[in-house]
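Welcome! Please take a moment to look over the sequence and the model, and then we will walk through them together.

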Amino acid sequence: MSTSQSPAGAEGTVAAPGANAKPARTGEPLLEVTDLRKHFPVTAGLLRRQVATVKAVDGVSFSVHKGQTLGLVGESGCGKTTTGRMIMKLLDSTSGKIAFEGHDITRYSQARMRPLRRDIQMIFQDPYSSLNPRKTVGAIVGAPFRLQNIQTENGVKKAVQELLELVGLSPEHYNRYPHEFSGGQRQRIGIARTLALKPKLIVADEPVSALDVSVQAQVVNLLEDLQDELDLTYVVIAHDLSVVRHISDRVAVMYLGKLVEIADRDDLYERPMHPYTKALLSAVPIPDPAQRDNRERIRLQGDVPSPLDPPPACRFHTRCWKAQDICKQVEPPLVELSPGHMAACHFPENTTVSETDVVAKAAVVSPEAD
Ligand code: SF4
């Protein structure tokens, strides 16, 4: 692993969207998720009879190519973290398929997953609780080598010190403890641990949301620099649409366990087709006051319905200002309305596709048309 990189992400600003040229989406995806579902039974009584089902994730499909970043966004409770945990195999899926490098890993046992753990790693949200306060940085970052019983050319200590340099820390931090570091530095320690076994895919669950705004940009820049240097593939789960815009190539929007829109980053942010995406984007702060005046702010009415009893047909119809009778009766499938841009809506925005065309496309619907 190279140690020649300057302290990555040291700048306090995030690079402009699209500043880094990424490899094109060609060939087999590294990760392919098809019709993934996670239903949790709700039990009651002495006999613990099942009385209901929470459909936390209910038929989600997407793919991610090598070297690319998929941003998974949505409000709290939409199922994005559950999806990430199923990809990591920390949670078994109820049905559907997860393929990694073309292999179906959906029903892999923990023992069969062990060698794959090198290739698929996770960055956790909370840099305070995800590091053991009683262990030194050296022990924390070196743990994956010991767990996987991996010998390194110049010893684990040298490998850990190289990793610390790679994430913008000092090799001298090796013997220090987590409480001696700031939040941003702790997240860097967590990232160094994640990179120890040179993974191919990283699932980052809210990687910066627990950090001060002033250091969020540094960690986002660090993740981008590391992706370029190590050819990493990311699934970034976040509720902050500004962060997702900067880091993602493609963005998937979830609502109440369903994928409602997926598109290339710029296409989605400039021409959102699903009303829910449009509402979410209308709430993103705009730094330039001149542009703020031109924007229509959409305030959604009511709370997100309970996943225990989601609304029938289009799950968004109870909050959608465009809802009509058909929205309460027929579930809109996720269909491709322009190249690479899919949305699940009977009356999409920013498209010339008519309702009749949407129905016709729905008849030939397929999962992610990548
Ligand atoms: Fe709104 Fe109807 Fe589209 Fe659902 S299908 S998002 S209720 S317009």
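## The four-stranded sheet

In what order do the four strands of the open sheet stand, and is the pairing parallel or antiparallel? The order is β2-β1-β4-β5, and the strands pair in antiparallel fashion. At the edges are β2 (49-64) and β5 (103-104), which have a single partner strand each, so one side of each is left without a neighbour in the sheet. Helix α1 (residues 80-87) packs on this sheet, where it touches β1 (31-44), β2 and β4. The direction of α1 makes about 115 degrees with that of β1.

Look next at the link between β4 (residues 95-100) and β5: the two strands run antiparallel and are joined by two bridges. Ala-99 has Asp-104 of β5 as its bridge partner.

## The chain as a whole

This is a predicted model, so please read it as such. The protein chain holds twelve helices and twelve strands. It has 370 residues, and 49% of them count as buried. Among its contacts with a separation of 6 or more, 66% are accounted for by residues 24 or more positions apart. The chain exposes about 17,300 Å², with carbon and sulfur atoms supplying 49% of that area.

## The eight-stranded sheet

Another open sheet has eight strands, in the order β6-β7-β8-β3-β9-β10-β12-β11, and here the pairing is mixed. Its edge strands, β6 and β11 (335-338), each pair on one side only. From one strand to the next, the twist averages 25 degrees.

β6 (120-123) and β7 (201-205) run parallel and are joined by four bridges, with Met-122 standing opposite Val-203 in β7. Further along, two bridges join β10 (residues 258-264) to β12 (residues 341-343), and these strands run antiparallel; Ile-262 has Met-342 of β12 as its bridge partner.

In a regular strand, side chains alternate between the two faces of the sheet. You can follow this in β6: Ile-120 and Met-122 point one way, while Gln-121 and Ile-123 point the other way. All of these residues are buried.

## A mostly covered helix

Is helix α5 mostly covered or mostly open? It is mostly covered, with eleven of its 13 residues buried. Among them are Gly-183, Arg-186, Ile-189, Ala-192 and Leu-195. These buried residues pack against β6, α3 (137-147), α4 (156-166), β7 and α6 (213-230). α5 lies across β6 and β7, and runs at about 175 degrees to β6.

## Two helices side by side

Two packed helices are described by the angle between their axes and the distance between the axes. For α3 and α5, the angle is about 30 degrees and the axes are 7 Å apart. An angle under 35 degrees counts as roughly parallel, and α3 and α5 are therefore roughly parallel to each other. From α3, the contact is made by Val-137, Ile-140, Val-141 and Pro-144; α5 contributes Ile-189, Ala-192 and Arg-193.

The buried residues of α3 include Gly-138, Gly-142 and Phe-145, and their cover includes α4 and α5. After α3 comes Asn-149, with a positive phi near 55 degrees.

Notes:
Residues are numbered from 1 along each chain as its sequence is written. This is a predicted model: local features need pLDDT of at least 70, side-chain atom pairs count only at pLDDT 80 or more; totals for chains, interfaces and linings use all residues. Side-chain values use heavy atoms; hydrogens and water are left out. Buried means under 20% relative accessible area, exposed over 50%, partly exposed in between (1.4 Å probe, protein chains only). Contact means heavy atoms within 4.5 Å. Accessible areas come from the Shrake-Rupley method with a 1.4 Å probe; for residues, only the protein chains shown count as cover. Two strands pair if DSSP finds at least two bridges between them. Axes are lines fitted to C-alpha atoms, for helices over the stretch in contact, and angles run from 0 to 180 degrees between N-to-C directions. Angles under 35 degrees count as roughly parallel, over 145 as roughly antiparallel, 65 to 115 as roughly perpendicular and the rest as oblique.
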